[in-house]
Amino acid sequence: MDELKKTPENNRVEQTSAKGQEALDALLKWADAALGSFDEPAKRAEEAPRQPREGQVSPEKEADTREDAGSAAQYADDENDEDYEDCFEDIDYNDDELLRGYVWDEDTGRLYKLDESRRRPVMVPLFLVGLLAATLGAAIIKGTPILPATGRDNSILSQEHQIEQETAAPLPSDQQQEVSSEGTVRYIPAEIIWDGDTVAVLASIEAAQSLLEDVKAYFHESVTGEGEKESVFEEDVEVRPLPNGTDKEIESYEEAFKRFTSSSSPIKIRTTLTVTQTETLPFDTRKEKDSTLVEGTRIVASMGREGHSTTYTYNVYINGDRSSTRSGSDTETVKPMDMLIYEGGDKPDIDEDSPGRHEGKKGPDQGELTFIAPIEGDISLNFGQYYGVLHLGLDYEPEKDAVIASEGGTVVTLLERGGYGLMLEIDHGSGFVTRYAHLDSASVAPGDTVSQGQTIAAAGSSGNAEEKTLHFEIRVDGIPYNPRYYLD
């Protein structure tokens, strides 16, 4: 197999693996030393002579005590007693579950309980050492370093990230910031170009841009008054990064701001204050005669609409000072629309015997029915359109108060009804009904049968009548027709 060609990346991997192996060897060496320190107390305990526990006497001293007390014979009898020996026959001293936490002393023939509180602190470090060793071993096998990498820049980035940083393309020269090889940010000096000339050099592009905005805001706030304000640069302004190696003197932000907001500022800010004033223009009403309409009829041809005149006054300020040569005004006008009304000029033919052309058409034939005038007097208003309202009958100026039935029939209605006032209706059959309104009183009641010429009521001025009047209608199936077509 060909030998693997070593690359910078392979060298880094080998260096990382070697460092990891050295760290593992040091860790294992420390673990062995720690385990050895834990075994020393146990070894010393085995080498030291057995000492009785607190409150417990040695076998020799216990025998002397029994002999002195005269209990040696009794002690011997107990040991020879079969019941005493039987209680230990069933004990298995190799049973881990039974003897866990205890130790059997063959010299004394007694079972002692161990102090668990002294053993546990030893087990915890052993567990931690084992866990750390297993983790480090797995990391080395996978080739992933778990300790901070030390090297050129003491970076804690992974190997892949370090390679990506080193091979990344350099930042373009016109960026606002640059990152040095040490990882620090270096700002790029910038110059402010006004109308083609350099007017300031600042430490960074951010500082130059912030300076221009702050200067514009300064002059914007210096203009006071009611209206809408707008501030812009009078000429084109540009922020340009300085090329490498330029030795132009850099000005502080405070110095540049003070210079740009003074009366001798090299840049110009134009602020426009717009004041709006609106005036309402009323409309007129025009009336025209129309001979095709009956007199009293009015038709609105177009509704009126108000107009308005809006004046915009522009006050221009240069760096906070008003410039009269650049100020001005402009006016927008919306003309009003007049209202147009057509009024009827055709008078009805009241004096003619037959209805005029504006009095409608004759309705159904009355057959054998004949109708006579309901009262003595002249007709004051015919059937037709008057003042924009359709007049549905004939109005009489009574010479006498007596109102008679125009034709025989049955009284079907007698009531007060709005503008009609006191109203009476007679049904003549075949759908024909006569109506009598503005009555003062009635001499018949609903259900009465009347004959032609019989007095049925007295004329009056009830309802909307301003003077004594009789309003008379003839309706066929509920539709009013001009009575003049039916009166004999």
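Before going on, a word on what we're looking at. This is a predicted model, where local features need pLDDT of at least 70, side-chain atom pairs count only at pLDDT 80 or more, and totals for chains, interfaces and linings use all residues. Residues are numbered from 1 along each chain as its sequence is written, and side-chain values use heavy atoms, with hydrogens and water left out.

Helices (H or I, at least four residues) and strands (E, at least two) are DSSP runs, numbered from the N terminus. Two strands count as paired if DSSP finds at least two bridges between them.

Strand 5, residues 190-194, runs antiparallel to strand 6, and five bridges join them. Another bridge partner to look up is T198 in strand 6, which goes with I193. The two strands make a hairpin with two residues between them, and D195 in the turn has a positive phi of about 55°.

Zoom out a bit, and you get an open sheet of three strands in the order 6-5-8, with antiparallel pairing. Strand 6 (197-202) and strand 8 (237-241) are at the edges with a single partner strand each, so one side of each has no neighbour in the sheet. From one strand to the next, the twist averages 25°.

What packs on this sheet? Helix 8, residues 205-222, does, touching strand 5, strand 6 and strand 8. Contact here means heavy atoms within 4.5 Å. The direction of helix 8 makes about 165° with that of strand 8. For such angles, axes are lines fitted to C-alpha atoms, for helices over the stretch in contact, and the angles run from 0 to 180 degrees between N-to-C directions. Helix 9 (253-260) packs on the sheet as well, touching strand 5 and strand 6.

Next, the greasy part. A nonpolar core is a set of buried Ala, Val, Leu, Ile, Met, Phe, Trp, Tyr and Cys residues joined through side-chain atoms within 4.5 Å. Buried means under 20% relative accessible area, exposed over 50%, and partly exposed in between, using a 1.4 Å probe and protein chains only.

How many residues does the largest nonpolar core have? It has 25, and among those with the most contacts inside it are V403, Y436 and L439. Strand 26 (470-476) is one of the elements giving two or more residues to this core, and its four residues are the largest share. Leaving aside neighbours within four places in sequence, V403 is in contact with residues including Y436, L439 and I456.

Let's finish with rings. A pair of aromatic rings is described by the distance of the centres and the angle of the planes. Rings of Phe, Tyr and Trp (its six-membered ring) pair if their centres lie within 6.5 Å; planes under 30 degrees apart are stacked, over 60 edge-to-face, and the rest tilted. That rule gives eight aromatic pairs.

One of them is W194 with F233, edge-to-face, at 6.4 Å centre to centre and 65° between the planes. W194 is in strand 5 and F233 in strand 7 (228-233), 39 residues apart. W194 is buried, because its relative accessibility is 7%.

Then there's Y436 with F472: tilted, 5.4 Å centre to centre, 45° between the planes. Y436 counts as buried, with a relative accessible area of 0%, and F472 is buried at 0% too.
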